[in-house]
Amino acid sequence: ACFFRHRQNCSSVGQWETGERIKILNSHTSFVNSCYPARKRPQLVCTGSDDETVTLWAIRKKAVIHMFQNTYHALASTFNDTSDQVISGGIYDGIKVWDLR
């Protein structure tokens with residue numbers, strides 16, 4: 001599967017080979033700037049948005065697990081190597097690390 005921004009306030013999961021959209025992740029209220037899958041836990045994805053949140057998703061359920069609040073836009077989001085931390089970067093916030101354990 002591949003992950004991509006679909007339109008202003010949502011991200012999608014699709015087939016890499018065909019580009020076919022499988023699921024839409026819709027919870028943000030503004031532009032989605034990043035979308036990143038967890039390497040060690042493939043059912044998880046994190047997204048960062050101009051709505052000042054980083055969102056942790058359960059792909060199979062298309063459900064939000066947790067929304068991390070920022071003070072400013074979240075421009076980048078990713079997981080650490082073991083997928084037990086979400087890391088994000090914003091305009092003025094610097095780098096934030098949230099522990100999922």
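Analyst: Two strands count as paired if DSSP finds at least two bridges between them, and strands are DSSP runs (E, at least two residues) numbered from the N terminus. This is a predicted model, in which local features need pLDDT of at least 70, side-chain atom pairs count only at pLDDT 80 or more, and totals for chains, interfaces and linings use all residues. Residues are numbered from 1 along each chain as its sequence is written, and side-chain values use heavy atoms, with hydrogens and water left out.

User: OK, how do β5 and β6 pair?
Analyst: β5 pairs with β6 (residues 53-58) in the antiparallel sense, over five bridges, and within β6 the bridge partner of V45 is W57.

User: And what does β5 form with β4?
Analyst: They make a hairpin with six residues between them; β4 (residues 32-37) and β5 (residues 44-49) are antiparallel, with five bridges, and Y36 has C46 in β5 as its bridge partner.

User: What's the strand order in the sheet?
Analyst: The order is β4-β5-β6-β7 in an open sheet of four strands with antiparallel pairing. β4 and β7 (63-69) are the edge strands, each pairing on one side only.

User: Switching topic, where is Y92, and is it buried or exposed?
Analyst: Y92 lies in the loop between β9 (85-90) and β10 (95-99). Y92 is exposed, at 64% relative accessible area, where exposed means over 50%, buried under 20% and partly exposed in between (1.4 Å probe, protein chains only).
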